[in-house]
Amino acid sequence: MTGFSTLLYKEVLRFWKVSFQTVGAPVLTSVLYLMIFSHVLEEHVEVFAGVSYTSFLVPGLIMMSVLQNAFANSSSSLIQSKITGNLVFVLLPPISYREFYAAYVLASVLRGAFVGLGVGLAALPFADLAPQSPLWIAAFALMGGAMLGSLGVVAGIWAEKFDQLAGFQNFLIMPLTMLSGVFYSIHSLPAFWQAVSHVNPFFYMIDGFRYGFFGQSDVSPWASLGVVVVCLVLVAGLTLNMLSRGYKLRS
Amino acid sequence: MTVPAIAVSGASKRYGAVRALDGVDLEVGAGEFFGLLGPNGAGKTTLISALAGLVRVDSGSLKVMGHDVVADYRDARRQLGVVPQELVFDPFFTVREALRIQSGYFGIRRNDDWIDEILGHLDLTAKADANMRSLSGGMKRRVLVAQALVHRPPVIVLDEPTAGVDVELRQGLWQFVRRLNRDGHTIVLTTHYLEEAETLCTRIAMLKSGRVVALDTTENLLARFATHTLRVRLASPLGADLGALRQERGWLEFALERYDEVEGMLRRVREAGGEIVEMQLGEPDLEKVFVGVMHS
């Protein structure tokens, strides 16, 4: 257990030492989104009955930050360690691949949670946030963060250069999170794009997370939970399989 | 019978068409100071990486203090400290943080007494709270040594630890490693500096194209492969041919098996009418052995 807890501590310390960039910067980005979109759309859009657009937007922004930062944490840590060669310090000790996985993913969840909390606190002056069921919020944040942290492990191990990782992030993670209903309800979309949204697992994470705040959502939170659990199990299975084979880590 | 520190049996590893290891059999006894020599690409680093679990061999087995590096990897890795060849470091941490973290990876929580001791021996105490980024290359190299020692491994592998290291640091490092060896640690060393291997190692294996081509005590290797040389400068050239190895600028060089052949050789020179003005004796050295083995 000490191996796992030390690796977790090291991963948290790593992002915490540069928290200005790893927590502060994404909070600022989200606040900018919030100010701009709420300024433009507050008067024109009401997605859920009795919920202002700004209030609707905040949970989506929080969850988007959780997901993007969870991914960024494990992927950037791994690729930096691989490229600088210091991953050897983690590969030489008697740490099992399961401990390795758990430490990287949990650190990613924590980074996502810190950023999400920061976005939530920064949004307080702009919106009424009275979470209706914190359990749903915690469940979706935890599982969404774990899934993206796990995807980050896959990307960080697979990528051999920073631009490959940037490609993964910019052409997969960013579009999927941005097009997941953070800024709108998918019911406002044409039928075709509604159908497309339904195959995006990120949509269910955002929708379920938002349900925890308003008790309203585009689809049932149980359905969202089911989709997220299945996706998490699949991604975790893939990642653990890669790690157990030592893919690109132990030749 | 005591368990060997390292036991490699039939280890083979291919990378495409290249055989990095080609049926390596090797045993290093506990407490030995063992040298692993060979030209670049001979398989030294692959063998070390396989011992450390960084490379998985295609066939054969490797054990550290009796623990298989795959089936029993946790115990095998606890017995092994590896100083990697590359000068790697984690720029996020200070020296002390890096060593505490490394201790934790090996399951050791409060390790500060031992960490302080290692820092003292490696002359790093003043830099304990400095960020890794701010250290010179030589200091980073010493931190790598410290990181390999946090868990007090009985077997220590140093992969070219003195490449690009200045003389003072090299001597300090060897003093420390010798001390570790005296304290009972098994040391396995790879180096391109053959004079280092000759003075430090009691037994040596030479690798070539993934195979062990020589394995013996340093003394036996020197005796078996290397010759003494006798060089004499004469007042005037000799008429007779005495079987000199080389002849240049008035110097004649003879190869001798043993020192007791010197007297006989000198007598033959004198009998042939040679007047010796200057004389030099050459010791056998590992470089000659190395070149001889690699070309045989």
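How many residues does the contact take from chain B, and how many from chain A? That's the place to start with this predicted model.

**View 1. Where chain B touches chain A.** The contact draws 24 residues from chain B and 21 residues from chain A. Look on the chain B side for α2 (73-78) and α3 (95-105), the elements giving two or more residues to the side that touches chain A. By class, that side of chain B splits into 12 nonpolar, five polar and seven charged residues.

**View 2. Helices α5 and α6 of chain A crossing.** Here α5 (residues 97-123) and α6 (residues 134-158) of chain A have axes that come within 8 Å and cross at roughly 125°. That angle is why α5(A) counts as oblique to α6(A). The crossing of α5(A) past α6(A) is right-handed. On α5(A), the residues making the contact include A:Tyr101, A:Tyr104, A:Gly112 and A:Gly116. Over on α6(A), you'll find A:Leu142, A:Gly145, A:Gly149 and A:Val153 among them.

**View 3. A four-stranded open sheet in chain B.** The strands go β12-β13-β11-β14, with antiparallel pairing. At the edges sit β12 (246-248) and β14 (276-282) of chain B, each pairing on one side only. On average, neighbouring strands in this sheet are turned by 15° against each other, ignoring direction.

**View 4. Zooming in on β12 and β13 of chain B.** Three bridges join β12(B) to β13 (residues 251-256) of chain B, and the two run antiparallel. For a landmark, find B:Glu248, which stands opposite B:Trp251 in β13(B).

How values were computed. Residues are numbered from 1 along each chain as its sequence is written. Chains are lettered from A and ligands numbered from 1 in the order in which they are written. This is a predicted model: local features need pLDDT of at least 70, side-chain atom pairs count only at pLDDT 80 or more; totals for chains, interfaces and linings use all residues. Two residues are in contact if their C-beta atoms, placed from the backbone, lie within 7 Å. Ala, Val, Leu, Ile, Met, Phe, Trp, Tyr, Cys and Pro count as nonpolar, Asp, Glu, Lys and Arg as charged, and the others, Gly among them, as polar. Axes are lines fitted to C-alpha atoms, for helices over the stretch in contact, and angles run from 0 to 180 degrees between N-to-C directions. Angles under 35 degrees count as roughly parallel, over 145 as roughly antiparallel, 65 to 115 as roughly perpendicular and the rest as oblique. A crossing is left-handed if the near helix is turned anticlockwise from the far one by less than a right angle, and right-handed if clockwise. Two strands pair if DSSP finds at least two bridges between them.
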